Amino acid sequence: YVCSTWGNNHFKTFDGDVYQFPGICEYNFVSDCREAYKEFSVHIQRALNSNGHPEIQYILMKIKDIMVYLKPNLVVVDGRIVKTPYYTSGVLIESGEIYIKIYAKLGMVLMWNQQDALMVELDNKFNNHTCGLCGDYNGIPIYNEFINKDASYNSITYGNLQKISKPNAKCEDPDETQALPSCNEHRDECQRLLTSPAFADCRLRLNLEMYIQACMQDKCACDGKEDSFCLCSTISEYSRQCSHAGGRPAEWRTQNFC
């Protein structure tokens with residue numbers, strides 16, 4: 001019931017597909033896509049920060065008729081800046097030191113670390129009713145996201161299809177022909193990090209392999225630079241998803257690691 005995006009442009013759909021999409025336009029992250037009345041939509045826009053790492057610049061949500069706009073340390077509801085905790089007709093917004101959380105009575109929880117990582121949990125009454133980067137929530141990986149009727153998409157094509165068209169937006173679509181490098185030389189290190197004793201309670205709760213793959217891609221992208229973003233963002237996501245699945249990751253951060 002969870003869709004997330006984190007770190008170096010990784011996405012995990014409700015149905016469990018994991019892919020990378022480096023777009024910096026505004027995209028439909030997840031929306032109710034039934035023809036008639038749409039109950040909600042969540043749009044996101046990423047940009048590169050001063051270190052050259054992708055971060056979520058803003059999130060734009062519509063819940064029934066309420067518009068919520070989030071930026072780091074800023075919550076705007078229907079055009080006015082509000083203090084948290086804030087409650088309005090079926091929507092509760094809370095913020096702590098790191099996370100902004102939004103609970104919507106219609107069956108949705110959104111959690112953003114005000115940097116790279118966003119997670120949306122959705123009631124299963126929305127099965128088969130969603131669209132966007134999070135996929136269609138039909139319980140079947142790949143179908144209708146990356147294989148549609150007779151065409152198969154790569155993740156970049158799929159991501160580009162989710163762009164929100166804004167007449168004055170200046171942003172390039174990522175190139176659909178660029179394949180991601182294979183990063184096998186980092187497998188051992190990623191596997192070692194993600195199977196450390198701190199994560200013993202996570203092994204059976206999550207699909208370990210997909211986080212190993214994401215970690216390998218992060219290491220590739222950093223090209224040997226000792227950069228905590230490349231290493232820590234996927235491990236942080238693994239830890240968050242483990243907690244969310246009822247696991248109890250032990251303390252894995254140290255003074256000199258993440």
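The model is predicted, so local features need pLDDT of at least 70, side-chain atom pairs count only at pLDDT 80 or more, and totals for chains, interfaces and linings use all residues. Residues are numbered from 1 along each chain as its sequence is written, and side-chain values use heavy atoms, without hydrogens and water.

Start with α2, residues 187–194. Helices here are DSSP runs of H or I, at least four residues, numbered from the N terminus. C190, L193 and L194 of α2 are buried (under 20% relative accessible area, with exposed meaning over 50% and partly exposed in between, for a 1.4 Å probe and protein chains only). Seen down the axis, these buried residues fall within an arc of 90°, so they line one face of α2. The arc is taken from the directions from the helix axis to the C-beta atoms. On the other side, D188 and R192 are exposed.

What covers the buried face? The cover includes α3 (208–222) and α4 (228–244).

Now take α2 against α4. Their axes, lines fitted to C-alpha atoms over the stretch in contact, come within 11 Å and cross at roughly 40°. The two helices are therefore oblique to each other. E189, L193 and L194 of α2 meet L231, I235 and Y238 of α4; contact means heavy atoms within 4.5 Å.

Finally, look at S236, also in α4. S236 counts as buried because its relative accessibility is 10%. Leaving out residues up to four places away in sequence, S236 touches W252 and R253.

Methods. Axes fitted to C-alpha atoms, helices over the stretch in contact; angles between N-to-C directions. Parallel < 35°, antiparallel > 145°, perpendicular 65-115°, else oblique.
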